Amino acid sequence: MAAITRRPRLARYAVLTLSLIAAACSLIKPTETPADKQEHAARLAHEGKHAESARLYADLALQSPAQADNYELLSAEQWVAAGNIPEAKQALAQVSAEARTKLATPRALVAAEIAYGENDPARAIRELDQIPVPTAPEQAQNYFWIRGRSAFLTGHPVEGTRALVERERFLTDPAALRANRDELLMRVRTAAERGAPMKAPPKTDPIVVGWLDLGPVAVEVERNPARAAAALDNWKRQYPQHPANLSVLATAQTQIAVATEYPNQIALLLPLSGRSEAFGVAVRDGFIAAYMQQNAASRPRLKIYDVAAESVANAYNRAIADGAGFVVGPLIKDEVAAVAPLTAGRTPVLALNFLGDAVVPPRNFYQFALLPEDEARIVARRVVADGRLNGVVIVPSGEWGTRVGAAFAEELKSLGGNVLSSGRYDSSQADFSDVIKMVMQLKPTKVEKGEKPEPPTHRSDAAFIFVAANSAGTARLILPQLKYNYSGDVPVYSTSDSFQPDAAANSDVEGMLFPDMPWMISNDPATAPIRDGVRSVWPAQTARRDRYYAFGFDAYRLVPGLRSGNPAAASEIAGVSGKLHLDPQNKVRRDLDWAQIRNGVPNVL
């Protein structure tokens with residue numbers, strides 16, 4: 001998506017008077033005059049050297065006390081453009097109280113940008129509320145840019161859409177206009193994904209209503225393109241004169257076309273009997289569910305092979321002989337390793353597990369997996385992003401816990417964090433007090449004789465607790481025991497295995513932060529109907545099947561992109577199992593949504 005045009009520079013506001021420039025030019029100095037410095041600073045800003053420009057404006061503020069407020073605002077604005085919010089705040093702090101009236105508009109715009117940069121959109125809107133809508137075009141662009149984005153971030157897509165639509169009145173550059181519409185499409189799609197209220201009040205501008213109605217359609221394009229063409233056609237009939245028809249919808253139509261171009265025949269290799277039957281059946285059913293979303297006339301032929309009933313090598317060779325243009329599977333790691341040497345790059349393969357790290361995959365061999373280690377790395381990145389560098393880890397004994405704990409610690413260390421202590425527990429037991437007391441260094445407080453004892457204290461250097469539980473039942477036992485052992489004040493992070501959709505039981509993991517696939521936690525208008533339909537058909541099995549069902553659904557979605565000439569770009573999709581992209585090793589990686597349990601249900605963050 002094209003980047004939205006940066007807000008206009010305050011240097012263009014013509015806040016310096018002609019008399020100041022004339023006076024500066026009349027001074028005879030061997031050094032650079034204030035007018036020269038002003039021109040130099042503006043040129044640096046235009047060249048994208050925002051930090052240098054900010055420093056030069058700060059120097060001008062010292063040299064010209066009468067214009068210090070103006071120059072400090074210019075300096076703050078440039079620090080924001082450089083991405084240095086602390087320096088921007090310091091520059092703004094130098095501005096006098098009189099600027100709230102004498103330079104009300106530029107001061108409010110800079111203050112709002114700083115608030116937005118600090119992820120405080122509500123404060124940004126409050127700053128803008130202190131001034132009327134600017135009349136100068138460049139100031140108005142900036143005003144509506146900040147107000148629109150901030151409104152979306154505070155969960156008010158109607159107000160956000162209205163602001164960004166209004167911004168178009170002040171845009172004359174076609175590239176800036178297109179970027180504004182790209183921004184709008186992305187914002188309404190994200191709002192629809194998160195279940196924000198998209199209903200506009202009566203008598204709302206039809207252009208605004210059209211953008212809001214396009215949000216759910218855009219989600220369908222991303223998550224379920226096989227059904228998106230009909231939804232898009234219906235929207236176009238309803239809004240034939242809408243400006244989106246002339247810009248962003250062409251991209252959406254291309255996206256649908258690429259995402260629905262399948263080979264004539266697909267082979268699916270899965271264990272449909274034996275000890276891995278439950279997983280294989282769930283993947284198969286998800287794959288078929290995605291297959292059935294497509295119009296019957298355009299569906300490829302689908303042949304399914306049970307690799308538990310015959311060797312995976314035999315199944316693969318039969319699939320190729322039967323005319324498969326693309327092979328999906330197998331699922332079990334050993335079978336993936338057995339198939340890889342057979343392919344020789346002839347027919348594209350999407351294996352549903354990863355080869356070993358030391359194995360070089362053949363050409364046209366792609367890999368997709370639900371690995372707990374990947375989730376552990378996602379959690380490590382999140383705790384660092386949340387500003388919590390040091391913490392403790394609690395993992396189960398055994399190979400699963402070892403892999404998850406090691407992946408988390410390695411990723412955390414690479415980002416500058418540190419695991420202070422790590423404890424292992426026996427999943428077959430129900431009492432985890434010993435491991436909790438060990439990692440949290442729980443100590444009784446010393447009291448004098450006759451005094452009432454205070455609660456025990458835990459270590460003060462732990463900013464988080466990472467609990468790796470390979471089942472939701474285990475997580476529901478550990479988290480209450482953290483509270484019982486006086487450690488409930490430390491934020492708890494976990495992986496998706498700790499969550500199952502059960503509001504009553506999840507009261508035991510209240511407050512837990514975890515990543516998961518949209519299939520499990522999203523109520524967006526594309527994912528929810530498919531998922532709810534599945535759960536109504538298999539209500540007793542979905543807790544075990546859900547994630548593998550979504551995995552199979554996305555495996556089908558990946559096929560067109562991977563068989564195209566540019567798989568790295570075409571396979572960047574918003575799937576029901578996560579946002580998917582292809583890495584340089586031809587492995588499909590997932591970015592997950594984040595949620596926190598509140599009142600027993602996941603709230604998407």
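I started with A468, which sits in the loop between strand 8 (465–467) and helix 21 (472–484). Helices here are DSSP runs of H or I with at least four residues, strands are runs of E with at least two, and both are numbered from the N terminus. This is a predicted model, in which local features need pLDDT of at least 70, side-chain atom pairs count only at pLDDT 80 or more, and totals for chains, interfaces and linings use all residues. Residues are numbered from 1 along each chain as its sequence is written, and side-chain values use heavy atoms, with hydrogens and water left out.

**A468, continued**

Is A468 buried or exposed? I found 0% relative accessibility, so A468 counts as buried. (Buried means under 20% relative accessible area, exposed over 50%, and partly exposed in between, with a 1.4 Å probe and protein chains only.) Next I looked up what A468 touches, not counting residues up to four places away in sequence: I394, V395, P396, W400, V404 and Y425. Contact means heavy atoms within 4.5 Å. I also checked A468 against G401: they are 67 residues apart in sequence, and their C-alpha atoms are 7.2 Å apart in space.

**The whole chain**

Then I stepped back. I noted 25 helices and 15 strands in the chain. The C-alpha trace spans about 95 × 85 × 55 Å along its principal axes. Of the 605 residues, 53% count as buried. I also looked at contacts between residues at least 6 apart in sequence, and 64% of these join residues at least 24 apart.

Two packed helices are described by the angle between their axes and the distance between the axes. My axes are lines fitted to C-alpha atoms, for helices over the stretch in contact, and angles run from 0 to 180 degrees between N-to-C directions.

I took helix 10 (residues 157–167) with helix 12 (residues 206–223) to begin with: they pack at about 125 degrees, with axes 9 Å apart. That makes helix 10 oblique to helix 12. (Under 35 degrees counts as roughly parallel, over 145 as roughly antiparallel, 65 to 115 as roughly perpendicular, and the rest as oblique.) Which residues make this contact? I listed P157, V158, T161, R162 and V165 from helix 10, and I207, V208, W211 and L212 from helix 12. By class, I get seven nonpolar, one polar and one charged. Ala, Val, Leu, Ile, Met, Phe, Trp, Tyr, Cys and Pro count as nonpolar, Asp, Glu, Lys and Arg as charged, and the others, Gly among them, as polar.

Helix 11 (residues 174–193) also packs on helix 12, at about 75 degrees and with axes 7 Å apart. Helix 11 and helix 12 are therefore roughly perpendicular to each other. From helix 11, I wrote down R181, L184, L185, V188, R189, A192 and E193; they meet W211, L214, G215, P216, A218, V219, E222 and R223 of helix 12. The classes here are nine nonpolar, one polar and five charged.

Between helix 11 and helix 12 there is a loop, and I looked up R194 in it. R194 counts as exposed, at 56% relative accessibility.

**Helix 8**

Which residues of helix 8 (residues 121–128) are buried? I found P121, A124, I125, E127 and L128. Looking down the axis of helix 8, these fall within an arc of 155 degrees, so they line one face of the helix. The arc is that of the directions from the helix axis to the C-beta atoms. Their cover includes helix 7 (104–117) and helix 9 (137–153).

**A259**

A259 belongs to helix 14 (residues 248–259). I get 18% relative accessibility for A259, so this residue counts as buried. Leaving aside neighbours within four places in sequence, A259 is in contact with P225 and P560.

Most residues other than glycine have a negative phi, and most peptide bonds are trans. So I went looking for exceptions. The peptide bond from G329 to P330 is cis, with omega near 0 degrees. I placed P330 in the loop between strand 3 (326–328) and helix 17 (333–343).

A344 is not a glycine, yet has a positive phi of about 55 degrees. I found A344 in the loop between helix 17 and strand 4 (349–351), and A344 is exposed, with a relative accessible area of 55%.

N364 is another non-glycine residue with a positive phi, near 65 degrees. N364 lies in the loop between strand 4 and strand 5 (365–368).
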